[in-house]
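Visitor: I would like to learn how to read a model like this one. Could you walk me through it?

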Amino acid sequence: MILIYEIISEAKKAATLDEAMLVLKKYNTETLEQVLYYAYHPKAQWYINEFPKDFHKPDTYPGISYTNLYTELRRLYIFQKGHPNADGLTEKRRHELLLQILESMEPPEAEVFVNIMKGDLGIDGLTWQKINEYFPNLIT
């Protein structure tokens, strides 16, 4: 199984945005579509917009982390403004949960998790409009 950060990394290396979009399309999964949706939806608002300074990289080898975006994306709501379960958390608790999630993933996968909330996966020129060209009506 190819991890989400590997797909994003390959798309970043593409010579053009259209080539990057073809990479994303090639590896399309429900999880990748969710990543694109949450990262680029113009109305998405998040409590987190930077990588926590007290993050400690796990001391595991690549490929044997406890979890990845395929399993952790379902907990993204914890950091979404307007979600009733997120709005009820204290800032301290939200930070603790973020560290638990990030430290259970490979560091590049954790970076994608935070970049979703930043609204930028690092693919030059990528917008929700461009996403909708290749993934029709994904972001409405």
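Guide: Gladly; let us start with pLDDT, which is the predictor's confidence in each residue, on a scale from 0 to 100. Helices are DSSP runs of H or I with at least four residues, strands are E runs of at least two, and both are numbered from the N terminus. This is a predicted model, where local features need pLDDT of at least 70, side-chain atom pairs count only at pLDDT 80 or more, and totals for chains, interfaces and linings use all residues. Residues are numbered from 1 along each chain as its sequence is written, and side-chain values use heavy atoms, with hydrogens and water left out.

Visitor: Which elements have the lowest and the highest mean pLDDT?

Guide: Where pLDDT is low, the predicted coordinates should not be read in detail. Here the chain averages 92, and 96% of the residues score at least 70. Among the elements, helix H4 (residues 69–72) has the lowest mean, 91, while helix H2 (residues 17–26) has the highest, 98.

Visitor: Now the packing, please. At what angle do H6 and H7 pack?

Guide: Two packed helices are described by the angle between their axes and the distance between the axes. Axes are lines fitted to C-alpha atoms, for helices over the stretch in contact, and angles run from 0 to 180 degrees between N-to-C directions. Helix H6 (residues 91–103) and helix H7 (residues 107–118) pack at about 140°, with axes 8 Å apart. The pair is therefore oblique (under 35 degrees is roughly parallel, over 145 roughly antiparallel, 65 to 115 roughly perpendicular, and the rest oblique).

Visitor: Which residues of H6 and H7 meet?

Guide: Contact means heavy atoms within 4.5 Å. Leu-98, Ile-101 and Leu-102 of H6 meet Ala-110, Phe-113, Val-114 and Met-117 of H7. By class, this contact has seven nonpolar residues, with no polar and no charged ones (Ala, Val, Leu, Ile, Met, Phe, Trp, Tyr, Cys and Pro are nonpolar, Asp, Glu, Lys and Arg charged, and the others, Gly among them, polar).

Visitor: And how do H1 and H3 cross?

Guide: The axes of helix H1 (residues 4–12) and H3 come within 11 Å and cross at roughly 65°, again with a right-handed crossing. Ile-4, Ile-7 and Ile-8 of H1 make the contact with Thr-31, Leu-32 and Val-35 of H3. These residues divide into five nonpolar, one polar and no charged.

Visitor: Is Leu-36 buried or exposed?

Guide: Buried means under 20% relative accessible area, exposed over 50%, and partly exposed in between (1.4 Å probe, protein chains only). Leu-36, in helix H3, counts as buried because its relative accessibility is 0%. Leaving out residues up to four places away in sequence, Leu-36 touches Leu-24, His-41, Leu-121, Leu-126, Ile-131, Phe-135, Leu-138 and Ile-139.

Visitor: Where do the loops come in?

Guide: Asp-54 lies in the loop between helix H3 (30–40) and H4 and, at 35% relative accessible area, is partly exposed. Beyond four places in sequence, Asp-54 touches His-95, Leu-99 and Glu-103. Glu-106 is in the loop between H6 and H7, and its 8% relative accessibility makes it buried.

Visitor: What is the phi of Asn-137?

Guide: Phi of Asn-137 is near 60°, a positive value in a residue other than glycine. Asn-137 lies in the segment after helix H8 (128–134) and counts as exposed at 62% relative accessibility.

Terms used: A crossing is left-handed if the near helix is turned anticlockwise from the far one by less than a right angle, and right-handed if clockwise.
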